[in-house]
Amino acid sequence: MTSVSIVGAGPGDPSLISVRGLRYLTRADVVVHDTLIDPRLLRMARPDAECIDVGDAAPGEMAQDAICLLVAEKAREGKSVVRLKWGDPFVFDSGGKEALFLHEQGIRFEVVPGIPALVGIPAYAGIPVTYPGSGNTLTFIRGYEHGEEATPDLDWHQLAKVDGTLLCYAGPRQLARVATSLLDHGRPADDSAAIIYNGTTPQQRTVSGTLESLSQELTARPPQVPAVLVVGPSAGLREHLRWFDERPLFGTRIVVTRSREQAGDFVDRLHDLGAEVIEAPSIHIEPLDDYDEVDRAIEQISTYHWLVFTSANGVDHFMRRALARVRDIRDLHGPRICAVGPATAERLQRLHLRVDVMPEDDHAEGVIAALTAAGSLEGQRMLLPRADIAREMLPEELRKAGAEVDDIAAYSTVRATWGQEGQPDIYKKLLEGDVDIVTFTSASSVRHFVTNLGEEQAADLLQQVAVASIGPVTAEAAQQLGVATSIMPQAPYTIPSLVDAIVAHVRSRRQR
């Protein structure tokens, strides 16, 4: 097997990595990566993988030698190593040098190409790097990739005459020099041009104009970050082909408080719509320390009339334990099943379990009404596998209706602590106005979020942003803590519905 895989991750958006590259990443023992690699992509590595940040994508000579030695050393230890690089390893990058070093050391390697920054970033800005009638050449100019900001040493007179598209990933001080050098050596002043900052990320910003107007802009107001400069007729197509920054949530900064174990689909939906997602889980879902109560309920499952699941987590944890103790899912015959919420019902259906009742309202009253419609609850034995901190209202109302209720903990909900290295400073972001929307998908996420901020501070800071709650129960929990909900979907109360409500809110604000 290959000892080292040199993998291009693409220019920012973590979803741009190739299928092959992702496969190697998820199997690696060691991941040696550039600082620019998105943390979301690094989370795709195995939990026990060693992830080593080796800094800038264009390190100095001594740093590059140290990286080569590090990769070789890890490979000699018998570990599968992924060298994860920004952009493409062989396009204005040190991947070729690292591969040659491995060859000289007799270490097997493979190169997995990535989308080059000078191709991917213009595409996200709506600029095709080639287009019929826009010239017959495509020229890449080395700029910031070598880690310096000197003006590239080129034959600018010949370059200015090239018929086609010119592209350069340039540092803040290089951008004006490159544009000026082209103008000074004969490139037409009215040639279309664009500058793309933070390409393929939610912070992407594109400035379009002529080569002359952008040169003046760069000289008058020097930028703070590197950018891609595009010069050529195809740059003028941006206003017709722009798509990335036209998405409904582009530029909207949204805090997701859902547990990391559950947040994936929610985060992906928001990202796909253009949002800048700030992950700040306020809870962790963990297995129980003691399963005696759950095991007793499983052994007596046929004696229950109803099995009531109030969350997808309850389904996952209870059924995982149940299926580990019975030989066949059909051995769980006996009770009818009530699923509170579409996500809970969907999780049961994946296990090929029929849902007999799904209340339209997730309040206790709605659950009682739906169950009563299926028959009297008098004397009915009911099992509720729920979170260890679930509210008592539902089992109390069921008992009032005459049911015999076993309310058991199927999993633990633990407050997630903040302040660890690499985590966003949510208090600071709220204080400085760097958040537009805070989302809550459960009552426990509200309570733990407020606890982490401090109750008084939370009520004050959350007045400055829009608060999105997935449904009435969550909104009620927020209200009890002095937090007003301004975004809430109509039933069904699901992640897709919540995302739709957020989109409607943002669209309404932008139209004012």
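**Reading a helix and a sheet**

Modeller: This is a predicted model. In helix α20, the buried residues are Ile495, Ser497, Leu498, Val499, Ala501, Ile502, Val503, His505 and Val506.

Colleague: How many Å should α20 span?

Modeller: Count 1.5 Å a residue: the 17 residues of α20 (495-511) should span 24 Å, and the end C-alpha atoms are 24 Å apart, so the two agree.

Colleague: Now the sheet. How do strands pair in general?

Modeller: Through backbone hydrogen bonds, either parallel or antiparallel. Here five strands make an open sheet, ordered β6-β7-β10-β8-β9, with mixed pairing. β6 (137-141) and β9 (205-210) are at the edges with a single partner strand each, so one side of each has no neighbour in the sheet. From one strand to the next, the twist averages 15°.

Colleague: In which sense do β8 and β9 pair?

Modeller: Antiparallel: β8 (residues 192-197) and β9 share six bridges.

Colleague: Which strands do helices α7 and α8 lie across?

Modeller: Helix α7 (172-184) lies across β7 (164-170), β8 and β10 (227-231), and runs at about 155° to β7. Helix α8 (211-220) lies across β8, β9 and β10, at about 125° to β9.

Key:
Residues are numbered from 1 along each chain as its sequence is written. This is a predicted model: local features need pLDDT of at least 70, side-chain atom pairs count only at pLDDT 80 or more; totals for chains, interfaces and linings use all residues. Side-chain values use heavy atoms; hydrogens and water are left out. Two strands pair if DSSP finds at least two bridges between them. Helices (H or I, at least four residues) and strands (E, at least two) are DSSP runs, numbered from the N terminus. Axes are lines fitted to C-alpha atoms, for helices over the stretch in contact, and angles run from 0 to 180 degrees between N-to-C directions. Contact means heavy atoms within 4.5 Å. The expected span of a helix is 1.5 Å times one less than its number of residues. Buried means under 20% relative accessible area, exposed over 50%, partly exposed in between (1.4 Å probe, protein chains only).
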